[in-house]
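Visitor: Hi, could you walk me through this one? I'm new here.
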Amino acid sequence: MSISRDDTLNWIKSCAAVLAENRDYLTQLDAAIGDADHGANMDRGFKAVMAKMPEMADKDIGTIFKTVGMTLLSTVGGAGGPLYGTFFLQAGMKSAGKMELSLEDWTIALEAALAGVVMRGKAELGDKTMVDALMPALNALKQSLQDHQPLGDALRASAQAAREGMIATVPLVARKGRASYLGERSAGHQDPGATSSYLILNAAAETWKNT
Ligand code: ADP
Ligand code: MG
């Protein structure tokens, strides 16, 4: 019961596919409380990542994640891209040299990834950012690990927690990022970054459900 290198590459591919599919949706969300570029940013970043697939094919999981992170950092502007770049770079540090990830390894990687986002963006839970999806997802994973849940169930619970966190951003007033410029007017809209985080973690649960 572990995530292989190929599983990892398949997840990255499925992130690229799901972000391309939801490009307009993410852009609409960002149009309401930001500058209408989140869908385009994520799609551009992951298209650039897809172009790196050949060079990632025979690498360890740490190198795969680091390549994704570096590519997002160098191709995506704004706040979201660098934060996701940090997310994957930090996950890569914890997965250095690994050819497979157990549930515990994935939990450690996600914990470091979230810590990187928090360190860089300084957002707390409830600030209406991607942290609102990522933190509940990490907490669900930790709980599943403690309860000795199978990997597939743990990933499903984690994606579900991310989804709930994403939906919970709707009534919130943004305190970080561009949406915070709107103040109270940011309430009533779902956060685009929390939405892309849910899509990415849901892609992991879907891709890895039978691993
Ligand atoms: P920009 O805001 O520069 O246009 P994007 O539109 O790509 O960048 O990304 C916006 C998303 O980034 C927001 O919906 C939010 O989830 C996330 N975000 C913005 N600032 C922060 C921050 N300081 N910490 C965590 N996430 C943030
Ligand atoms: Mg934007």
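Visitor: Which atom of ligand 1 does a backbone N or O atom of G121 lie 2.8 Å from?
Guide: A nitrogen atom of ligand 1. That is a polar contact, meaning a pair of N or O atoms within 3.5 Å. Bear in mind that this is a predicted model, where local features need pLDDT of at least 70 and side-chain atom pairs count only at pLDDT 80 or more, while totals for chains, interfaces and linings use all residues. Residues are numbered from 1 along each chain as its sequence is written, ligands are numbered from 1 in the order in which they are written, and side-chain values leave out hydrogens and water.
Visitor: What does D191 do there, in terms of distance to ligand 1?
Guide: A polar side-chain atom of D191 is 2.5 Å from an oxygen atom of ligand 1. A polar backbone atom of G193 lies 2.9 Å from an oxygen atom of ligand 1 too.
Visitor: And how much of ligand 1 does the protein cover?
Guide: It covers 93% of the 570 Å² of accessible area that ligand 1 has on its own (Shrake-Rupley method, 1.4 Å probe).
Visitor: How many residues surround ligand 1?
Guide: There are 20, each with a heavy atom within 4 Å. H38, N41 and A79 are among the closest.
Visitor: Which helix gives the most to that shell?
Guide: α10, with 3 residues; helices here are DSSP runs (H or I) of at least four residues, numbered from the N terminus.
Visitor: New topic: where does ligand 1 sit?
Guide: In the largest pocket, with more than half of its atoms within 2 Å of the pocket's grid points. A pocket is an open set of points on a 1 Å grid where a 1.4 Å probe fits, with protein on both sides within 12 Å along at least five of seven lines.
Visitor: What volume does the largest pocket have?
Guide: About 500 Å³, counted as the space filled by probe spheres set on the points.

How values were computed: A polar contact is a pair of N or O atoms within 3.5 Å; within protein, one must be able to donate a hydrogen and the other to accept it, and residues adjacent in sequence count only if both atoms are side-chain atoms. On a 1 Å grid over the protein atoms alone, a cavity is a set of points where a 1.4 Å probe fits but cannot get out, and a pocket is an open set with protein on both sides within 12 Å along at least five of seven lines; lining residues have an atom within 4 Å of a point. Helices (H or I, at least four residues) and strands (E, at least two) are DSSP runs, numbered from the N terminus.
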